[in-house]
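Open the structure in your viewer and get ready to select. Here is a short tour, stop by stop.

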Amino acid sequence: MDIGGRSGDMAVFTTVAEEGSLSAAARALGLTPSAVSRIIARTELRLGTRLLLRTTRAITFTAEGEAYLRGARRILADMAEVEEAIADQGVPRGRLRVSAALGHGRLAIVPLVAAFSARYPNITVDLSLGDEVVDILGGQADVAVRFGHLPDSPLTARKVGETGQVVVASPDYLQRHGTPQQPEDLLQHNCLRFNFRRAEPNWPFIRDGKEFSLKVCGNIECSSGEALAQFARVGAGIARIGEFSVAEDLQRGDLVPLLQAWNPGDREPIHAVFVGGSAMPARVRVFVDFLLEHHRM
């Protein structure tokens, strides 16, 4: 590895973070531990602040060190992308880290990634499915697919779709417990609810053009829409979840839509979120364009 200049110092620093110690980083870089230590000390002297706290057993990052690490990773990734684009005449290539929610990712993003990889074989897609919010600015992902309205941030967001909510139950549950004819009937039913922090505790409805909400109760709560759909499918209760989670179930008749006349028609946007600007890697640009072209939910 070329360790000259500030970019080389950044590369050494990020390797220390990845390997967990100066000696392990030295082995990975083909340097001596003293050489790695001098480079870290030189960087700290230039910045005028401590980046690492070293003990005989481990290293930890100061707040300034964490900030420097995030910036260094972005800069090194951008440099690599620029060099790859020039060397390969602009053909998109490299590793693309994509984050998506578990249920939506499995149902909607996985098929798109398969088609995307066939079109861009030089891009390695590193897909992570989970409901945690990843730190894109911190280098945890290149693109994240997120639901709902987004807070203000320096990130760029492109709307790739939207989804509505639907109240559903299985034919077996309805046969055993009856079919609710109006929203208030839900108070006599076992309602399956989300338990994550941003979930609304009440279910919204509309009557005579006016919206109202109803506090429902049940004995199962879950963070996954896909899991709630499964609970509803096996007759555990009534759920209100995203249309994308139950589209196939509704088509097959495994689940039945309920109270559609009272559905407020609220829609939740779906965005691709990434670091934009002129330095945006080509692999990110073509993936976002692909989502805009093919996403159907």
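In this tour, Ala, Val, Leu, Ile, Met, Phe, Trp, Tyr, Cys and Pro count as nonpolar; Asp, Glu, Lys and Arg count as charged; the others, Gly among them, count as polar. The model you see is predicted.

**Stop 1: the cavity.** The structure holds 1 cavity of 30 Å³ or more. Select Val166, Val167, Pro204, Phe205, Arg240, Leu258, Leu259, Gln260, Asn263 and Pro264, which line the largest cavity. About 40 Å³ of space lies inside. How do the lining residues divide by class? Into 7 nonpolar, 2 polar and 1 charged. Now colour β6 (156-169) and β8 (202-207): each gives at least two residues to this lining.

**Stop 2: the second largest pocket.** Its volume is about 510 Å³. Select Arg73, Ala77, Arg97, Asp142 and Arg283, the closest to the pocket's centre of the 22 residues that line it. Next, show α4 (63-87), β3 (94-100) and α9 (282-294), which each supply at least two lining residues. The largest share, 6 residues, is from α4. Colour by domain: domain 1 (6-87) and domain 2 (93-296) each provide at least three residues of the lining. By class, this lining has 11 nonpolar, 3 polar and 8 charged residues.

**Stop 3: helix α5.** Select residues 102-119. At 1.5 Å a residue, these 18 residues should span 26 Å, and the end C-alpha atoms are 24 Å apart, which agrees. Where does α5 bend? Go to isoleucine 109: the bend there is about 45°, and proline 111 follows within four residues. Finally, pick out the buried residues of α5: Gly103, His104, Gly105, Ala108, Ile109, Leu112, Val113 and Phe116.

Terms used:
Residues numbered from 1 in each chain as written. Predicted model: local features only at pLDDT ≥ 70, side-chain atom pairs only at ≥ 80, totals over all residues. Heavy atoms only, no water. 1 Å grid on protein atoms, 1.4 Å probe; cavity = no way out; pocket = protein on both sides within 12 Å on 5 of 7 lines; lining within 4 Å. Points joined across faces, edges and corners; volume = space filled by probe spheres on them. Domains from an automatic or database assignment. Expected span 1.5 Å × (residues − 1). Bend = angle between axes of the 7 residues up to and from the residue. Buried < 20%, exposed > 50% of the residue type's maximum accessible area, 1.4 Å probe, protein only.
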